[in-house]
Amino acid sequence: MSGFLSDLVQYRKLLLMIVVLGIGGTHLSGFQMSVINYTSPYIQKFINETWLERYGSVLHQETLTLLWSVIVSLYCVGGMMGCLCSGYLTAKFGKKKCLLLNDVILIIATLHTGLSRTAKSFEMILVGRFLEGIGAGIHLSTHVQYAGEISPKKLRGFINVTSSVFFALGKTVARILGLRDLLGTEDTWNVLLSFSGLVALIQLLFLPFFPESPPYLLLQKGDKAGCLKAMKQLWGEGNYHTEFEDLMKEKAITKGTKIMNVLEVLREPSVYPQLITMLLLLLSLQLCGLSAITFYTSEIFQTANLRESIIPYVSLGVSISELISVIFCSSIIDRFGRRMLLCGGYLLMALILVLLETSLLLSDQFLWMRYCSVVLIFLFIIAYGIGPDASWSFLLPHLYCCPDHFSGSYLHIPPRNKREVNL
């Protein structure tokens, strides 16, 4: 207990920085992905009313569905663009400046979505969601890299999982604020959409008080004094010559290297193992069935004959279960290992999905099977939180060939063709 308290005191500024990074990082992505479900009927009604006021006719249902699909899809398009440019921006300007610029983009985005109802312009929602997508693409990758680079070796595992914790927290906050008792109403849906702008403003105000990551200061800027100062600011007073020497060796290895673009990376055979592993990890996350469970949770609960009034609260319970399971994973992942939790989590999720499908098929014959579906959804989310959700955030930084004390953003090519890859 005394060791925990001493670490808490020593790394207090680092932990504060992790909070500031998290609320303006993956927390926003989780919030923005979940909040759109609660505003869906109100936005569609707003589009219809705006169209009727402008042109004197009601939109056809197909056209309304198309416009709604565009609003949802623009977030993904913007996210892809943000991801593609995040590597260049962080390498050129640093992760701190990149996040501060991103906060400005997000504030502008939420001003569009928040004022759209007053301006009677659904086009402002389109612009706002697109800009939010760009911001999400930038802060998703930047947050994970930044958190990894500022963490000492003894806390690296815990800090890497905070990205998943804040992502789950963002989804939970969205479900809490989306309740009809709070902001999930027809009169306040635009305020609910604007909440992420307030969070971005908090990061914009407080992040300047924290330093840039030590690896960036030394490897990119060549600032030795600034690197040591940042270490002491984040980790407290101490002797960090070992960590500094590791970075100096890294600088010697990368001296004269060239940053590769995406096409050059795809043509470089020596990075194929890392790329394939990353691709498999990300594809497994996208295709594991989580999206289907998340988007159709309410329908499954309706099938179980739960009252409409309690379904939002049960859905909130699902998000809280994910948040608790991710936090629990952070305490056991170093003991059981990342691969075991990933594989074990996916196997358990596959079994639960089979049981869930069976319970849904038999729900008309056996009424008690409907309640099994509710329990299985909770178990599925818990298995995802303990395994894949948290484990992938540990694995991705370790795919990079970085100094032992840091999790950076560099893939280093063997000496025969020494160039630097920034993803």
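**Exercise 1. Is Met33 buried, partly exposed or exposed, and what is its relative accessibility?**

Step 1. Buried means under 20% relative accessible area, exposed means over 50%, and partly exposed lies in between, with a 1.4 Å probe and protein chains only.
Step 2. Read the value. Met33 has 44% relative accessibility, so Met33 counts as partly exposed.
Step 3. Met33 belongs to helix H3. Helices are DSSP runs of H or I with at least four residues, numbered from the N terminus.
Step 4. Look across the chain. Met33 and Ala136 are 103 residues apart in sequence, yet their C-alpha atoms are 9.9 Å apart in space.

A note on the source: this is a predicted model, where local features need pLDDT of at least 70, side-chain atom pairs count only at pLDDT 80 or more, and totals for chains, interfaces and linings use all residues. Residues are numbered from 1 along each chain as its sequence is written, and side-chain values use heavy atoms, without hydrogens and water.

**Exercise 2. Classify the aromatic pair of Phe366 and Trp368.**

Step 1. State the rule. Rings of Phe, Tyr and Trp (its six-membered ring) pair if their centres lie within 6.5 Å; planes under 30 degrees apart are stacked, over 60 edge-to-face, and the rest tilted.
Step 2. Search the whole structure. Five aromatic pairs turn up.
Step 3. Take Phe366 and Trp368. Their centres are 6.2 Å apart and their planes 55 degrees, so the pair is tilted.
Step 4. Phe366 is partly exposed at 38%. Trp368 is exposed at 54%.
Step 5. Look for a cluster. Trp51, Tyr55 and Phe122 form one.

**Exercise 3. Describe the lining of the largest cavity.**

Step 1. Define it. On a 1 Å grid over the protein atoms alone, a cavity is a set of points where a 1.4 Å probe fits but cannot get out; a pocket is an open set with protein on both sides within 12 Å along at least five of seven lines; lining residues have an atom within 4 Å of a point.
Step 2. Count. There are two cavities of 30 Å³ or more.
Step 3. Size the largest. Its volume is about 80 Å³, taken as the space filled by probe spheres set on grid points joined across faces, edges and corners.
Step 4. List the lining. Its residues are Ser34, Lys171, Arg175, Leu290, Thr294, Val318, Ser319, Glu322 and Ile381.
Step 5. Assign elements. Helices H7 (156-177), H14 (290-295) and H16 (311-336) each give two or more residues. H16 gives the most, with three.

**Exercise 4. Describe the second largest pocket.**

Step 1. Give the volume: about 700 Å³.
Step 2. Find the centre. Of the 21 lining residues, the closest to it are Asn37, Tyr38, Ser298, Ile311 and Pro312.
Step 3. Name the elements. H3 (26-55), H14, H15 (297-303) and H16 give two or more residues each. The largest share, five residues, comes from H3.
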